[in-house]
Amino acid sequence: MRTYLVTGGAGFIGSNYIHYMFRKYGDEIRIINVDALTYAGNLENLKDVENRENYTFIKADIRDREAIEKIFEENDIDRVVHFAAESHVDRSIRNPEIFVETNVLGTLVMLNAAKKAWELPDGSFKEDKKFLHVSTDEVYGSLEEGDTYFYETTPIDPHSPYSASKASSDMLVKAYWDTYHFPMNITNCSNNYGPYQFPEKLIPLIINNALQGKKLPVYGDGKNVRDWLYVDDHAKAIDMVQEKGRLGERYNIGGHNEKQNIEIINIILETLQEMLPDDDPRKKLVSKDLITYVTDRKGHDRRYAIAPDKIKKEIGWYPETMFKDGIRLTIQWYFEHEDWMKNVTSGDYQKYYQDMYQDK
Ligand code: NAD
Ligand code: DAU
């Protein structure tokens, strides 16, 4: 039975990945989820798998070398799927240090622990071991309208403290391949959306605010472009790269679904109107009048667009979920999980929201 060590599995993409893997493999695999449970980590995301015999949760910080080494000593780990990171660009602009500590130094701890556990006396590595580093398209910088796409060969040119920290971690993982032939893959994915996404990110923030009749903050002119991918498609891609990816390679993952932020907001408002029953009091609150243009994000990247040609050609992965379907599934999930939203937006979130948006 293969054992997966998933870091950051209590966050948005990590928890969706764990659900995907149990749906696909059932009892054939074992998953150990290591998460520090920061503001972004939430064990409620994993309630329906927590009693499985082939699932274990360990609360640990990836910066804690001793704790991470102990996990490798006590378990024969076959695969590391490394999601754990500070992930929100706006937070990185306010407080860059934690991004370097977690994303760069934490990744180094993970690499060293896996290398120590997997390396043989002759410097080669045990069979069928792999470290998959989950990264982002933001490491490539920013495109203008009419430019081409991000390819795996596009020079790394990050702009925010978040993307600089992710680019640094990518470089470390690549250096471990170049220097030691450490068995790894890197994936660089575009913007994800779907269930369990924390409402600091655009799509859940807009859904949550619109349903309460609160202002919908649009940074700058609202014409920045992101390439949106439904989170299950990302989970599937990660699994396929684990299975078929050539060691040492980087794979871009993207939705071929470029949209301006203002288009996304309009689609969400229209879909909410369609999906809410006439007698639901929230229907009257959802309105385009809530759209409010606010001060732009500092250093705001204009456009991200991924060319997922290599992963399609070599591995056979392509995005399956159309945005019009994915956004309905996402909204339906938020309708059915009002308590989840209430829980994550009580307490600290209120303070975060006030600090982040009061000057905008
Ligand atoms: P998230 O913020 O929702 O979750 C991050 C998880 O990591 C949380 O559970 C948190 O508790 C955990 N974590 C943070 N610091 C930790 C530490 N020091 N030790 C252990 N655990 C820690 O993030 P996400 O959106 O799910 O992103 C997951 C990964 O995917 C990140 O590496 C991110 O860079 C990458 N990514 C995200 C997107 C996206 O659109 N969200 C797109 C491409 C790549
Ligand atoms: O591209 C992949 C990246 O996507 C991931 O690596 C990051 O972890 C993830 O957070 C995401 O980064 P973005 O900065 O693109 O996502 P965010 O949801 O914060 O913002 C999306 C766009 O919407 C961006 O152009 C900024 C804008 N925005 C965002 C918020 C929160 C607004 O206009 N208003 C808002 O309130």
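In this predicted model, a polar side-chain atom of Lys166 lies 2.6 Å from an oxygen atom of ligand 1. Tyr162 also places a polar side-chain atom 2.6 Å from a ligand 1 oxygen. For Asp35, an N or O atom of the side chain is 2.6 Å from an oxygen atom of ligand 1. Taken alone, ligand 1 exposes 840 Å², and the protein buries 96% of that area.

The shell around ligand 1 holds 29 residues, of which Ile13, Asp35, Ser87, Tyr162 and Lys166 come nearest. By class, the shell divides into 14 nonpolar, 11 polar and 4 charged residues. Two or more shell residues come from each of helix 1 (12-25), strand 5 (130-136) and helix 5 (161-180). Strand 5 gives the largest share, 3 residues.

A search of the whole structure finds 32 of them.

| Asp232 | Arg23 | 3.2 Å |

Asp232 and Arg23 form a salt bridge. Asp232 belongs to helix 7 (residues 231-244) and Arg23 to helix 1, so this pair ties together parts that are 209 residues apart in sequence. Asp232 has a relative accessible area of 23% and is partly exposed, whereas Arg23, at 54% relative accessibility, counts as exposed. Helix 1 is also one of the elements that give two or more residues to the ligand 1 shell.

Because Glu274 lies in helix 8 (residues 261-275) and Arg328 in helix 11 (residues 323-336), the pair ties together parts 54 residues apart in sequence. Glu274 counts as exposed at 57% relative accessibility, while Arg328 is partly exposed, with a relative accessible area of 35%.

Technical notes: Residues numbered from 1 in each chain as written. Chains lettered and ligands numbered in written order. Predicted model: local features only at pLDDT ≥ 70, side-chain atom pairs only at ≥ 80, totals over all residues. Heavy atoms only, no water. Near = heavy atom within 4 Å. Polar contact = N/O pair within 3.5 Å; in protein donor to acceptor, adjacent residues only side chain to side chain. Areas by Shrake-Rupley, 256 points an atom, 1.4 Å probe, with all protein chains shown as cover. Helix = DSSP H or I, 4+ residues; strand = E, 2+ residues; numbered from the N terminus. Nonpolar A, V, L, I, M, F, W, Y, C, P; charged D, E, K, R; others polar. Salt bridge = Lys/Arg side-chain N within 4 Å of Asp/Glu carboxyl O. Buried < 20%, exposed > 50% of the residue type's maximum accessible area, 1.4 Å probe, protein only.
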